[in-house]
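Thanks for coming, everyone. I'll keep this short and walk you through one structure. Please have a look at it first.

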Amino acid sequence: MKNQPIITTKNVNFYYGAFQALTDITMDFERNRVTALIGPSGCGKSTLLRLLNRMNDLIDQTRVEGEVLFEGRNIYEPDVDPVEIRKRIGMVFQKPNPFPKSIYNNITYAPRLAGIKSKESLDALVEDSLKQAVLWDEVKDILGRSAMTLSGGQQQRLCIARALAMKPDVLLMDEPTSALDPISTAKIEELVDELKESYTIIIVTHNMQQAARVSEYTGFFYLGKLIEFGLTEKIFTNPDIKQTEDYITGRFG
Amino acid sequence: MEELRHTSREYEKELQEIRDGLLYLGAKAEKALEMVMQALVGRDANLARQIISADDEIDRLDIDLEEKCIRILALRQPAAIDLRFITTAIKITGHLERIGDMVVNMAEKVIILNDFPQLKPYIDLPRMGEISREMIRNSLDAMVHQDAKLAVKVCEEDAVMDQLNEQIFRELVTFMLEDPVKIQVCLYIMQISKSLERIADHAEGIADMVVYMVTGRIIRHQSVQAKDT
(Lines give C-alpha, C1' and ligand atoms only; values in the text may rest on other atoms or scores of the structure.)
Protein backbone atom coordinates (compact mmCIF):
# COMPACT_ATOMS: atom_id res chain seq x y z
CA MET A 1 0.00 0.00 0.00
CA LYS A 2 1.21 3.47 -0.84
CA ASN A 3 1.95 5.85 2.00
CA GLN A 4 1.48 9.60 1.73
CA PRO A 5 4.54 11.33 0.34
CA ILE A 6 6.37 13.41 2.95
CA ILE A 7 8.69 15.06 0.43
CA THR A 8 7.87 15.77 -3.18
CA THR A 9 10.17 17.33 -5.73
CA LYS A 10 8.54 19.03 -8.68
CA ASN A 11 10.48 19.72 -11.88
CA VAL A 12 13.65 20.48 -9.95
CA ASN A 13 16.67 21.80 -11.86
CA PHE A 14 19.90 22.48 -10.04
CA TYR A 15 23.01 24.33 -11.14
CA TYR A 16 26.55 24.62 -9.82
CA GLY A 17 27.41 27.91 -11.56
CA ALA A 18 26.81 27.27 -15.25
CA PHE A 19 26.83 23.49 -14.85
CA GLN A 20 23.42 21.88 -14.64
CA ALA A 21 23.70 19.02 -12.15
CA LEU A 22 20.03 18.00 -12.04
CA THR A 23 17.39 18.18 -14.76
CA ASP A 24 13.67 18.11 -14.21
CA ILE A 25 13.53 15.85 -11.16
CA THR A 26 10.00 15.02 -10.10
CA MET A 27 9.56 12.38 -7.45
CA ASP A 28 7.60 11.47 -4.31
CA PHE A 29 9.28 10.19 -1.17
CA GLU A 30 6.79 8.14 0.81
CA ARG A 31 6.48 8.50 4.56
CA ASN A 32 8.00 5.69 6.67
CA ARG A 33 9.66 4.12 3.70
CA VAL A 34 13.28 3.74 2.69
CA THR A 35 14.09 5.19 -0.70
CA ALA A 36 17.49 4.51 -2.24
CA LEU A 37 19.12 6.75 -4.81
CA ILE A 38 21.63 4.98 -7.04
CA GLY A 39 23.71 5.81 -10.08
CA PRO A 40 27.31 6.28 -11.19
CA SER A 41 29.51 9.01 -9.73
CA GLY A 42 28.49 12.46 -10.82
CA CYS A 43 24.91 11.43 -11.67
CA GLY A 44 23.42 13.96 -9.24
CA LYS A 45 22.12 11.63 -6.54
CA SER A 46 24.04 13.26 -3.68
CA THR A 47 23.19 16.70 -5.04
CA LEU A 48 19.52 15.80 -4.88
CA LEU A 49 19.88 14.43 -1.36
CA ARG A 50 21.49 17.67 -0.19
CA LEU A 51 18.77 19.68 -1.89
CA LEU A 52 16.18 18.05 0.31
CA ASN A 53 17.34 19.83 3.48
CA ARG A 54 18.96 22.85 1.82
CA MET A 55 22.51 21.68 2.43
CA ASN A 56 23.42 23.04 -0.99
CA ASP A 57 22.69 26.54 0.34
CA LEU A 58 26.13 26.32 1.92
CA ILE A 59 27.82 26.02 -1.49
CA ASP A 60 28.46 29.23 -3.46
CA GLN A 61 26.97 29.91 -6.87
CA THR A 62 24.30 27.26 -6.72
CA ARG A 63 20.82 27.77 -8.04
CA VAL A 64 17.59 25.77 -7.63
CA GLU A 65 14.57 25.84 -9.91
CA GLY A 66 11.32 24.04 -9.28
CA GLU A 67 9.81 23.06 -5.95
CA VAL A 68 10.83 20.85 -3.06
CA LEU A 69 7.71 20.30 -1.00
CA PHE A 70 8.12 19.08 2.56
CA GLU A 71 4.71 18.22 3.99
CA GLY A 72 3.19 20.29 1.21
CA ARG A 73 5.30 23.41 1.68
CA ASN A 74 8.07 24.55 -0.64
CA ILE A 75 11.23 24.65 1.48
CA TYR A 76 12.85 27.10 -0.95
CA GLU A 77 10.35 29.86 -0.27
CA PRO A 78 12.13 33.00 1.01
CA ASP A 79 10.56 32.96 4.47
CA VAL A 80 11.57 29.37 5.25
CA ASP A 81 14.40 29.07 7.78
CA PRO A 82 16.85 26.39 6.57
CA VAL A 83 17.86 25.65 10.17
CA GLU A 84 14.28 24.72 11.00
CA ILE A 85 14.17 22.50 7.90
CA ARG A 86 17.38 20.72 8.93
CA LYS A 87 15.88 20.00 12.36
CA ARG A 88 13.03 18.17 10.68
CA ILE A 89 15.20 16.60 7.99
CA GLY A 90 18.40 15.26 9.53
CA MET A 91 21.47 14.06 7.74
CA VAL A 92 24.16 11.41 8.14
CA PHE A 93 27.30 11.62 6.05
CA GLN A 94 29.68 9.26 4.33
CA LYS A 95 32.47 9.50 6.87
CA PRO A 96 31.50 9.42 10.53
CA ASN A 97 31.97 13.00 11.75
CA PRO A 98 31.34 13.12 15.49
CA PHE A 99 32.19 16.36 17.31
CA PRO A 100 35.48 16.13 19.23
CA LYS A 101 33.49 16.04 22.46
CA SER A 102 32.17 13.39 24.79
CA ILE A 103 29.61 10.87 23.58
CA TYR A 104 27.05 12.55 25.83
CA ASN A 105 27.76 16.02 24.49
CA ASN A 106 27.62 14.85 20.88
CA ILE A 107 23.98 13.97 21.43
CA THR A 108 23.03 17.00 23.54
CA TYR A 109 24.86 19.66 21.52
CA ALA A 110 22.02 20.53 19.17
CA PRO A 111 19.13 20.03 21.63
CA ARG A 112 20.91 22.44 24.05
CA LEU A 113 21.20 25.04 21.30
CA ALA A 114 17.53 24.48 20.62
CA GLY A 115 16.82 25.39 24.26
CA ILE A 116 16.52 22.11 26.15
CA LYS A 117 18.26 22.76 29.48
CA SER A 118 17.00 20.32 32.12
CA LYS A 119 19.39 17.52 33.02
CA GLU A 120 16.62 14.91 33.13
CA SER A 121 15.35 15.80 29.68
CA LEU A 122 18.86 15.71 28.24
CA ASP A 123 19.67 12.40 29.98
CA ALA A 124 16.48 10.89 28.65
CA LEU A 125 17.22 12.20 25.18
CA VAL A 126 20.73 10.70 25.24
CA GLU A 127 19.46 7.30 26.34
CA ASP A 128 16.58 7.35 23.92
CA SER A 129 18.65 8.41 20.91
CA LEU A 130 21.46 5.95 21.62
CA LYS A 131 18.95 3.14 22.07
CA GLN A 132 17.29 3.94 18.78
CA ALA A 133 20.69 3.91 17.12
CA VAL A 134 21.42 0.54 18.82
CA LEU A 135 24.52 1.96 20.47
CA TRP A 136 23.30 2.34 24.07
CA ASP A 137 24.46 -1.05 25.37
CA GLU A 138 27.96 -0.46 24.03
CA VAL A 139 28.47 3.06 25.43
CA LYS A 140 26.13 3.49 28.42
CA ASP A 141 29.03 3.21 30.89
CA ILE A 142 31.40 5.50 28.97
CA LEU A 143 29.17 8.44 28.08
CA GLY A 144 31.82 10.91 29.29
CA ARG A 145 34.52 9.48 27.05
CA SER A 146 35.51 11.27 23.83
CA ALA A 147 33.51 10.18 20.79
CA MET A 148 36.78 9.96 18.91
CA THR A 149 37.73 6.83 20.88
CA LEU A 150 34.85 4.86 19.35
CA SER A 151 35.30 2.56 16.35
CA GLY A 152 34.22 3.80 12.93
CA GLY A 153 30.99 1.82 13.02
CA GLN A 154 30.19 3.09 16.52
CA GLN A 155 30.99 6.65 15.47
CA GLN A 156 28.58 6.35 12.55
CA ARG A 157 25.82 5.06 14.84
CA LEU A 158 26.61 7.94 17.18
CA CYS A 159 26.12 10.33 14.26
CA ILE A 160 22.77 8.69 13.57
CA ALA A 161 21.86 9.01 17.27
CA ARG A 162 22.90 12.67 17.12
CA ALA A 163 20.61 13.22 14.13
CA LEU A 164 17.75 11.42 15.90
CA ALA A 165 18.15 13.58 19.03
CA MET A 166 16.48 16.44 17.17
CA LYS A 167 13.48 14.16 16.55
CA PRO A 168 13.46 14.67 12.80
CA ASP A 169 10.82 13.28 10.44
CA VAL A 170 13.24 12.43 7.70
CA LEU A 171 16.76 11.05 7.78
CA LEU A 172 18.99 11.65 4.77
CA MET A 173 21.92 9.25 4.53
CA ASP A 174 24.74 9.94 2.12
CA GLU A 175 26.62 6.67 1.65
CA PRO A 176 26.49 6.00 5.38
CA THR A 177 28.44 2.72 5.24
CA SER A 178 31.03 3.31 2.56
CA ALA A 179 33.75 3.84 5.18
CA LEU A 180 32.67 0.90 7.36
CA ASP A 181 33.55 -2.80 7.59
CA PRO A 182 30.93 -5.45 6.67
CA ILE A 183 29.79 -6.09 10.25
CA SER A 184 29.29 -2.39 11.01
CA THR A 185 27.58 -2.07 7.63
CA ALA A 186 25.18 -4.87 8.52
CA LYS A 187 24.43 -3.15 11.84
CA ILE A 188 23.64 0.15 10.11
CA GLU A 189 21.43 -1.64 7.58
CA GLU A 190 19.61 -3.43 10.38
CA LEU A 191 19.21 -0.06 12.06
CA VAL A 192 17.75 1.48 8.91
CA ASP A 193 15.20 -1.30 8.89
CA GLU A 194 14.15 -0.49 12.46
CA LEU A 195 14.19 3.27 12.03
CA LYS A 196 11.75 3.30 9.16
CA GLU A 197 9.00 2.50 11.67
CA SER A 198 9.32 6.07 12.93
CA TYR A 199 11.23 7.91 10.22
CA THR A 200 11.35 8.36 6.49
CA ILE A 201 14.77 7.45 5.18
CA ILE A 202 16.40 8.49 1.94
CA ILE A 203 19.74 6.87 1.30
CA VAL A 204 22.37 7.43 -1.36
CA THR A 205 24.53 4.40 -1.93
CA HIS A 206 27.14 3.14 -4.39
CA ASN A 207 26.52 -0.36 -3.17
CA MET A 208 23.68 -1.65 -5.28
CA GLN A 209 23.19 -4.73 -3.14
CA GLN A 210 22.73 -2.39 -0.19
CA ALA A 211 20.03 -0.50 -2.08
CA ALA A 212 18.38 -3.84 -2.85
CA ARG A 213 18.61 -4.96 0.78
CA VAL A 214 17.42 -1.88 2.64
CA SER A 215 15.03 0.06 0.43
CA GLU A 216 11.44 -0.24 -0.72
CA TYR A 217 11.90 2.26 -3.53
CA THR A 218 14.87 2.90 -5.76
CA GLY A 219 15.61 5.80 -8.06
CA PHE A 220 18.27 5.42 -10.72
CA PHE A 221 20.04 8.61 -11.81
CA TYR A 222 22.26 9.19 -14.79
CA LEU A 223 23.79 12.46 -15.97
CA GLY A 224 21.55 14.50 -13.71
CA LYS A 225 18.32 12.85 -14.79
CA LEU A 226 16.04 10.47 -12.95
CA ILE A 227 16.01 7.57 -15.40
CA GLU A 228 13.75 5.20 -13.49
CA PHE A 229 12.02 5.28 -10.13
CA GLY A 230 9.93 2.50 -8.68
CA LEU A 231 9.68 -0.44 -6.31
CA THR A 232 13.14 -1.78 -5.50
CA GLU A 233 12.03 -5.33 -6.17
CA LYS A 234 10.92 -4.36 -9.66
CA ILE A 235 14.05 -2.32 -10.41
CA PHE A 236 16.30 -5.22 -9.45
CA THR A 237 14.37 -8.02 -11.12
CA ASN A 238 12.77 -6.43 -14.15
CA PRO A 239 13.44 -2.73 -14.71
CA ASP A 240 11.51 -0.98 -17.46
CA ILE A 241 14.39 1.04 -18.84
CA LYS A 242 17.41 -0.46 -20.59
CA GLN A 243 19.85 2.06 -19.03
CA THR A 244 18.75 0.98 -15.55
CA GLU A 245 19.22 -2.65 -16.46
CA ASP A 246 22.67 -1.99 -17.92
CA TYR A 247 23.73 -0.18 -14.75
CA ILE A 248 22.49 -2.67 -12.17
CA THR A 249 23.79 -5.66 -14.12
CA GLY A 250 27.23 -4.07 -14.40
CA ARG A 251 27.11 -3.37 -18.13
CA PHE A 252 28.22 0.20 -18.12
CA GLY A 253 30.60 1.70 -20.61
CA MET B 1 18.51 -6.79 -29.29
CA GLU B 2 21.98 -5.39 -28.96
CA GLU B 3 23.52 -6.12 -25.59
CA LEU B 4 26.22 -4.07 -23.94
CA ARG B 5 29.00 -6.15 -22.49
CA HIS B 6 29.65 -6.44 -18.78
CA THR B 7 32.42 -4.31 -17.37
CA SER B 8 33.78 -7.57 -15.96
CA ARG B 9 34.91 -9.71 -18.89
CA GLU B 10 35.23 -12.75 -16.66
CA TYR B 11 31.55 -12.45 -15.69
CA GLU B 12 30.62 -12.05 -19.35
CA LYS B 13 32.54 -15.25 -20.09
CA GLU B 14 30.81 -17.15 -17.28
CA LEU B 15 27.36 -16.20 -18.56
CA GLN B 16 28.36 -17.18 -22.10
CA GLU B 17 29.56 -20.55 -20.84
CA ILE B 18 26.14 -21.20 -19.35
CA ARG B 19 24.39 -20.15 -22.56
CA ASP B 20 26.68 -22.43 -24.60
CA GLY B 21 26.28 -25.24 -22.08
CA LEU B 22 22.48 -25.11 -22.32
CA LEU B 23 22.63 -25.25 -26.11
CA TYR B 24 25.04 -28.18 -25.99
CA LEU B 25 22.88 -30.04 -23.49
CA GLY B 26 19.79 -29.23 -25.57
CA ALA B 27 21.45 -30.57 -28.70
CA LYS B 28 22.36 -33.77 -26.80
CA ALA B 29 18.79 -34.25 -25.56
CA GLU B 30 17.36 -33.57 -29.00
CA LYS B 31 19.81 -36.00 -30.61
CA ALA B 32 18.91 -38.69 -28.07
CA LEU B 33 15.24 -38.19 -28.89
CA GLU B 34 15.95 -38.46 -32.61
CA MET B 35 17.91 -41.68 -32.06
CA VAL B 36 15.28 -43.31 -29.87
CA MET B 37 12.64 -42.66 -32.52
CA GLN B 38 14.98 -44.33 -35.06
CA ALA B 39 15.46 -47.26 -32.71
CA LEU B 40 11.70 -47.58 -32.26
CA VAL B 41 10.80 -47.49 -35.92
CA GLY B 42 13.81 -49.58 -36.98
CA ARG B 43 13.34 -52.04 -34.06
CA ASP B 44 17.02 -51.52 -33.25
CA ALA B 45 17.78 -52.79 -29.72
CA ASN B 46 21.51 -52.04 -30.02
CA LEU B 47 20.86 -48.40 -30.76
CA ALA B 48 18.45 -48.31 -27.80
CA ARG B 49 21.18 -49.64 -25.49
CA GLN B 50 23.62 -47.00 -26.75
CA ILE B 51 21.08 -44.29 -25.95
CA ILE B 52 20.65 -45.60 -22.40
CA SER B 53 24.38 -45.53 -21.69
CA ALA B 54 24.77 -42.07 -23.27
CA ASP B 55 22.38 -40.57 -20.71
CA ASP B 56 25.17 -40.39 -18.14
CA GLU B 57 26.74 -37.55 -20.09
CA ILE B 58 23.45 -35.61 -20.06
CA ASP B 59 23.29 -36.04 -16.29
CA ARG B 60 26.88 -34.83 -15.92
CA LEU B 61 26.23 -31.75 -18.08
CA ASP B 62 23.12 -30.97 -16.01
CA ILE B 63 25.04 -31.06 -12.73
CA ASP B 64 27.89 -29.02 -14.19
CA LEU B 65 25.54 -26.32 -15.48
CA GLU B 66 23.60 -26.12 -12.24
CA GLU B 67 26.83 -25.74 -10.26
CA LYS B 68 27.97 -22.95 -12.57
CA CYS B 69 24.65 -21.15 -12.07
CA ILE B 70 24.83 -21.48 -8.28
CA ARG B 71 28.39 -20.16 -8.35
CA ILE B 72 27.28 -17.07 -10.27
CA LEU B 73 24.40 -16.49 -7.83
CA ALA B 74 26.81 -16.66 -4.91
CA LEU B 75 29.73 -14.72 -6.34
CA ARG B 76 28.19 -12.23 -8.78
CA GLN B 77 24.81 -11.42 -7.23
CA PRO B 78 23.21 -11.08 -10.66
CA ALA B 79 20.35 -8.62 -11.07
CA ALA B 80 17.57 -7.94 -13.58
CA ILE B 81 18.09 -9.72 -16.94
CA ASP B 82 21.12 -11.61 -15.59
CA LEU B 83 19.15 -12.79 -12.56
CA ARG B 84 16.25 -13.85 -14.75
CA PHE B 85 18.67 -15.62 -17.10
CA ILE B 86 20.39 -17.57 -14.32
CA THR B 87 17.16 -18.66 -12.62
CA THR B 88 15.83 -19.62 -16.06
CA ALA B 89 19.01 -21.55 -16.85
CA ILE B 90 18.72 -23.58 -13.64
CA LYS B 91 15.20 -24.63 -14.61
CA ILE B 92 16.02 -25.24 -18.27
CA THR B 93 18.89 -27.57 -17.43
CA GLY B 94 16.52 -29.51 -15.16
CA HIS B 95 13.95 -29.83 -17.95
CA LEU B 96 16.59 -31.00 -20.44
CA GLU B 97 17.87 -33.59 -18.01
CA ARG B 98 14.33 -34.90 -17.50
CA ILE B 99 13.89 -35.10 -21.27
CA GLY B 100 17.00 -37.30 -21.26
CA ASP B 101 15.37 -39.53 -18.64
CA MET B 102 12.17 -39.80 -20.70
CA VAL B 103 14.25 -40.87 -23.71
CA VAL B 104 15.87 -43.58 -21.56
CA ASN B 105 12.40 -44.83 -20.54
CA MET B 106 11.44 -44.96 -24.18
CA ALA B 107 14.65 -46.82 -25.11
CA GLU B 108 13.92 -49.45 -22.45
CA LYS B 109 10.45 -49.99 -23.92
CA VAL B 110 11.95 -50.23 -27.42
CA ILE B 111 14.15 -53.12 -26.26
CA ILE B 112 11.18 -54.94 -24.73
CA LEU B 113 8.95 -54.32 -27.75
CA ASN B 114 11.50 -56.11 -29.94
CA ASP B 115 10.48 -59.38 -28.26
CA PHE B 116 6.96 -58.97 -29.67
CA PRO B 117 5.70 -58.85 -33.26
CA GLN B 118 5.02 -55.33 -34.48
CA LEU B 119 1.45 -54.25 -33.76
CA LYS B 120 1.13 -51.95 -36.76
CA PRO B 121 3.33 -49.47 -38.66
CA TYR B 122 4.18 -46.43 -36.56
CA ILE B 123 2.66 -43.22 -37.90
CA ASP B 124 1.57 -40.97 -35.05
CA LEU B 125 4.47 -41.72 -32.69
CA PRO B 126 7.13 -40.51 -35.19
CA ARG B 127 4.99 -37.42 -35.69
CA MET B 128 4.98 -36.82 -31.95
CA GLY B 129 8.75 -37.34 -31.98
CA GLU B 130 9.15 -34.70 -34.70
CA ILE B 131 6.90 -32.16 -33.01
CA SER B 132 8.55 -32.55 -29.61
CA ARG B 133 12.03 -32.22 -31.14
CA GLU B 134 10.96 -29.05 -32.84
CA MET B 135 9.53 -27.77 -29.57
CA ILE B 136 12.85 -28.37 -27.79
CA ARG B 137 14.79 -26.70 -30.62
CA ASN B 138 12.45 -23.68 -30.79
CA SER B 139 12.38 -23.18 -27.03
CA LEU B 140 16.20 -23.01 -26.96
CA ASP B 141 16.27 -20.74 -30.03
CA ALA B 142 13.81 -18.50 -28.22
CA MET B 143 16.19 -18.41 -25.24
CA VAL B 144 19.21 -17.47 -27.37
CA HIS B 145 17.34 -14.77 -29.28
CA GLN B 146 15.27 -13.63 -26.28
CA ASP B 147 12.21 -14.23 -28.45
CA ALA B 148 9.09 -14.40 -26.26
CA LYS B 149 6.80 -14.82 -29.30
CA LEU B 150 8.56 -17.96 -30.42
CA ALA B 151 8.40 -19.25 -26.84
CA VAL B 152 4.64 -18.69 -26.71
CA LYS B 153 4.32 -20.58 -30.00
CA VAL B 154 6.12 -23.55 -28.41
CA CYS B 155 3.62 -23.51 -25.55
CA GLU B 156 0.74 -23.60 -28.03
CA GLU B 157 2.24 -26.64 -29.80
CA ASP B 158 1.82 -28.60 -26.59
CA ALA B 159 -1.94 -28.89 -27.22
CA VAL B 160 -1.24 -30.81 -30.45
CA MET B 161 0.92 -33.25 -28.50
CA ASP B 162 -1.80 -33.80 -25.91
CA GLN B 163 -4.30 -34.50 -28.68
CA LEU B 164 -2.02 -36.99 -30.42
CA ASN B 165 -1.38 -38.77 -27.13
CA GLU B 166 -5.11 -39.13 -26.51
CA GLN B 167 -5.73 -40.28 -30.04
CA ILE B 168 -3.08 -42.99 -29.66
CA PHE B 169 -4.60 -43.94 -26.31
CA ARG B 170 -8.05 -44.45 -27.87
CA GLU B 171 -6.60 -46.42 -30.75
CA LEU B 172 -4.68 -48.71 -28.42
CA VAL B 173 -7.71 -49.29 -26.23
CA THR B 174 -9.54 -50.52 -29.33
CA PHE B 175 -6.69 -52.92 -30.08
CA MET B 176 -6.78 -54.24 -26.54
CA LEU B 177 -10.53 -54.79 -26.59
CA GLU B 178 -10.25 -56.67 -29.86
CA ASP B 179 -7.46 -58.96 -28.75
CA PRO B 180 -6.33 -59.34 -25.11
CA VAL B 181 -3.09 -60.99 -26.30
CA LYS B 182 -2.00 -57.55 -27.55
CA ILE B 183 -2.55 -55.85 -24.19
CA GLN B 184 1.10 -56.05 -23.13
CA VAL B 185 2.44 -54.54 -26.37
CA CYS B 186 -0.24 -51.88 -26.28
CA LEU B 187 0.71 -50.85 -22.75
CA TYR B 188 4.38 -50.44 -23.72
CA ILE B 189 3.44 -48.33 -26.72
CA MET B 190 1.14 -46.30 -24.52
CA GLN B 191 4.07 -45.59 -22.18
CA ILE B 192 6.17 -44.43 -25.12
CA SER B 193 3.38 -42.11 -26.21
CA LYS B 194 3.09 -40.80 -22.67
CA SER B 195 6.86 -40.19 -22.52
CA LEU B 196 6.69 -38.17 -25.73
CA GLU B 197 3.84 -36.16 -24.30
CA ARG B 198 5.90 -35.53 -21.15
CA ILE B 199 8.89 -34.45 -23.26
CA ALA B 200 6.66 -31.86 -24.90
CA ASP B 201 5.61 -30.70 -21.41
CA HIS B 202 9.27 -30.16 -20.54
CA ALA B 203 9.80 -28.21 -23.77
CA GLU B 204 6.81 -26.11 -22.80
CA GLY B 205 8.38 -25.64 -19.35
CA ILE B 206 11.53 -24.32 -21.03
CA ALA B 207 9.46 -21.97 -23.19
CA ASP B 208 7.55 -20.71 -20.12
CA MET B 209 10.85 -19.81 -18.50
CA VAL B 210 12.03 -18.03 -21.64
CA VAL B 211 8.91 -15.86 -21.52
CA TYR B 212 9.76 -15.07 -17.90
CA MET B 213 13.36 -14.32 -18.78
CA VAL B 214 12.38 -11.90 -21.54
CA THR B 215 9.33 -10.23 -19.99
CA GLY B 216 9.61 -10.86 -16.24
CA ARG B 217 6.16 -12.45 -16.34
CA ILE B 218 5.56 -15.97 -15.03
CA ILE B 219 3.03 -17.54 -17.38
CA ARG B 220 2.82 -21.08 -16.07
CA HIS B 221 -0.18 -22.18 -13.97
CA GLN B 222 -2.33 -19.52 -15.63
CA SER B 223 -5.49 -20.95 -14.05
CA VAL B 224 -4.11 -20.54 -10.51
CA GLN B 225 -2.90 -17.03 -11.26
CA ALA B 226 -6.29 -16.09 -12.70
CA LYS B 227 -7.91 -17.12 -9.40
CA ASP B 228 -5.42 -15.08 -7.38
CA THR B 229 -6.05 -11.81 -9.16
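One definition before anything else. A residue counts as buried when its relative accessible area is under 20%, and as exposed when that area is over 50%. Anything in between is partly exposed. Keep in mind that this is a predicted model.

Now use that cut-off. B:R133 has a relative accessibility of 13%, so B:R133 counts as buried. What does B:R133 form a salt bridge with? The partner is B:E30, and the closest N and O atoms are 3.8 Å apart. B:E30 sits in helix α1 of chain B and B:R133 in helix α4, so this pair ties together parts that are 103 residues apart in sequence. B:E30 is buried as well, at 15% relative accessible area.

A network of salt bridges links B:E30, B:K31, B:E34, B:E130, B:R133 and B:R137. Over all chains, the count comes to 35 salt bridges.

Stay in helix α1 of chain B, residues 9-41. Here B:E10 and B:K13 form a salt bridge, with 3.8 Å between the closest N and O atoms. Why are these two separated by about one helical turn? Because they are 3 residues apart in that helix. B:E10 is partly exposed at 43%. B:K13 is partly exposed too, at 46%.

Step back to chain B as a whole. Its secondary structure comes to 7 helices and 0 strands. Along the sequence, the pattern reads α-α-α-α-α-α-α. The C-alpha atoms fill a box of roughly 65 × 45 × 25 Å along the principal axes. Of the 229 residues in chain B, 48% are buried. Now take the contacts in chain B between residues at least 6 apart in sequence: 84% of them join residues at least 24 apart.

Next, a charged residue without a partner. B:D208 lies in helix α6 of chain B, residues 183-215. B:D208 is buried yet has no salt bridge. How far away is the nearest side chain of opposite charge? That side chain is B:R220, at 5.7 Å. Setting aside neighbours within four places in sequence, B:D208 contacts B:C155, B:I219 and B:R220.

One backbone point in chain B. B:Q146 is not a glycine, but its phi is positive, about 50°. B:Q146 lies in the loop between α4 (124-144) and α5 (148-178). Its relative accessible area is 27%, so B:Q146 is partly exposed.

A:Q61 lies in the loop between α1 (45-51) and β4 (62-70) of chain A. Is A:Q61 buried or exposed? Exposed, at 67% relative accessibility.

Still in chain A, look at A:V80. A:V80 lies in the loop between β5 (73-74) and α2 (82-88). A:V80 is buried, at 9%. Beyond its sequence neighbours within four places, A:V80 contacts A:R54, A:R73, A:N74, A:I75 and A:I85. One of those, A:R73, forms a salt bridge with A:D79 at 3.1 Å, N to O. A:D79 is exposed at 57%, while A:R73 is partly exposed at 41%.

Then A:Q156, in helix α6 of chain A, residues 152-164. A:Q156 is buried, with a relative accessible area of 0%. Apart from neighbours within four places, its contacts include A:F93, A:P176 and A:I188.

Last, the interface. 13 residues of chain A contact 17 residues of chain B. Together the two chains bury about 1200 Å², and 46% of that is on carbon and sulfur atoms. The rule finds 2 salt bridges across the interface. Among them is A:R251 with B:D82, at 2.9 Å, N to O. Polar contacts come to 9 residue pairs between the chains. On the chain A side, α9 (232-237) and α10 (242-248) each supply at least two residues. α10 of chain A gives the most, with 4 residues. By class, that side has 4 nonpolar, 5 polar and 4 charged residues.

Terms used: Residues numbered from 1 in each chain as written. Chains lettered and ligands numbered in written order. Predicted model: local features only at pLDDT ≥ 70, side-chain atom pairs only at ≥ 80, totals over all residues. Heavy atoms only, no water. Buried < 20%, exposed > 50% of the residue type's maximum accessible area, 1.4 Å probe, protein only. Lys, Arg positive; Asp, Glu negative; His and termini not counted. Salt bridge = Lys/Arg side-chain N within 4 Å of Asp/Glu carboxyl O. Contact = heavy atoms within 4.5 Å. Buried area = accessible area lost by both parts, 1.4 Å probe. Polar contact = N/O pair within 3.5 Å; in protein donor to acceptor, adjacent residues only side chain to side chain. Nonpolar A, V, L, I, M, F, W, Y, C, P; charged D, E, K, R; others polar.
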